[in-house]
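Subject: Structure handover

Hello,

Here is the structure I said I would pass on. My notes on it follow below.

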Amino acid sequence: MSPFIEIAAGPPRVLCLTRDIPVDEASLASGLSDESHRQLRQITHPARRQEFLRARYLVRIATAQEVDPPRDGDGVIRWPDGLVGSVSHSLGDVIVATAARDVFRSVGIDLERPSRIRAELAAKICTPRDLELVASGLISVAEVFAAKEALFKCHFPMGRKRFWFLDAELAHVARNDTGAELSLRVLVDSGPMTPAGTVSNARVIPVPFDDAVLVWVAVAGPERQSK
Ligand SMILES: CC(C)(COP(=O)(O)OP(=O)(O)OC[C@H]1O[C@@H](n2cnc3c(N)ncnc32)[C@H](O)[C@@H]1OP(=O)(O)O)[C@@H](O)C(=O)NCCC(=O)NCCS
């Protein structure tokens with residue numbers, strides 16, 4: 001058995017390491033960068049240590065790198081030349097999305113547990129348009145939450161501007177048998193390449209465990225823009 005699951009062949013390619021897939025200690029430790037070793041020394045909680053090690057392990061697999069790609073001061077991974085990507089973890093499960101930079105200029109992914117998203121959160125994260133789409137049954141509050149987190153993780157590495165849940169909204173939702181195709185509009189400038197009004201494509205995709213939603217967001221790169 002390969003020590004991970006390919007959820008989507010891509011683009012973006014989405015790999016998953018569920019918490020029940022065993023990975024031996026030697027594989028987790030080999031390839032840890034000096035920076036990762038330093039950070040690991042600060043983490044005492046056993047579950048958090050495992051998540052840290054397993055996220056770095058899956059990034060090394062997804063990027064075919066022997067050593068961890070570094071994170072910058074904002075926590076953004078410096079993906080190897082020619083690649084973009086995004087990481088999410090939840091309750092020990094780790095997801096890594098990657099794509100060729102020509103295809104997508106940036107990618108964001110987010111894994112959420114709907115059971116942890118309280119109903120009261122809807123008013124804080126949904127615009128009136130989002131609330132209408134939730135009320136119509138086309139999308140859940142947890143999916144809106146994950147989509148906006150993924151949007152932030154997609155736009156931030158390009159524009160380095162923080163924005164919040166009410167600074168973006170759903171432009172379109174189309175459900176299908178396996179998930180949904182979405183588009184999301186930023187209502188504020190999130191960077192020079194993504195001024196207010198920019199629409200990004202997103203996808204809700206099925207995950208191999210219960211009680212979880214997974215959404216990726218991508219901004220087209222040169223190869224897609226020229227089509
Ligand atoms: C960055 C952030 C979105 C991470 O989300 P999270 O649900 O806490 O955590 P996840 O497990 O899904 O993602 C963590 C990964 O995000 C990546 N990440 C961290 N900071 C990031 C940033 N500024 N931009 C893009 N990716 C970032 C890292 O790869 C990290 O994993 P790693 O530390 O193992 O490398 C969140 O901490 C944050 O800063 N939120 C504020 C902005 C926001 O949410 N706005 C509302 C949405 S519109």
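How many residues of domain 1 are in contact with residues of domain 2? There are 18, and they touch 19 residues of domain 2; contact here means that the C-beta atoms of two residues, placed from the backbone, lie within 7 Å.

Two points on reading the model. It is a predicted model, in which local features need pLDDT of at least 70 and side-chain atom pairs count only at pLDDT 80 or more, while totals for chains, interfaces and linings use all residues. Residues are numbered from 1 along each chain as its sequence is written.

Domains

The protein chain is divided into domain 1 (5-100) and domain 2 (107-225), with bounds that come from an automatic or database domain assignment. Their C-alpha centres lie 22 Å apart. On the side of domain 1 that touches domain 2, β1 (5-8), β2 (13-17), β3 and β4 (93-100) each supply at least two residues. The largest share of that side, five residues, comes from β3. Strands (E, at least two residues) and helices (H or I, at least four) are DSSP runs, numbered from the N terminus. By class, this side of domain 1 has 12 nonpolar, five polar and one charged residues. Ala, Val, Leu, Ile, Met, Phe, Trp, Tyr, Cys and Pro count as nonpolar, Asp, Glu, Lys and Arg as charged, and the others, Gly among them, as polar.

Ligand

There are 22 residues around the ligand, and Gly75, Val87, Ser88, Phe152 and Phe156 come nearest; a residue is near if its C-beta atom, placed from the backbone, lies within 6 Å of the molecule. The elements giving two or more residues to this shell are β3 (83-90) and α6 (141-159). α6 gives the most, with seven residues.

Core

The largest nonpolar core has 57 residues, and Ala147, Ala150, Val215, Trp216 and Val217 have the most contacts inside it. Such a core is a set of buried Ala, Val, Leu, Ile, Met, Phe, Trp, Tyr and Cys residues joined through C-beta atoms within 7 Å, where buried means that 20 or more other C-beta atoms lie within 10 Å of the residue's own, placed from the backbone. Its largest share, 11 residues, comes from α6. Leaving aside neighbours within four places in sequence, the contacts of Val217 include Ala147, Ala150, Leu151 and Cys154.

Regards

Methods
Buried ≥ 20, exposed ≤ 12 C-beta atoms within 10 Å, placed from the backbone.
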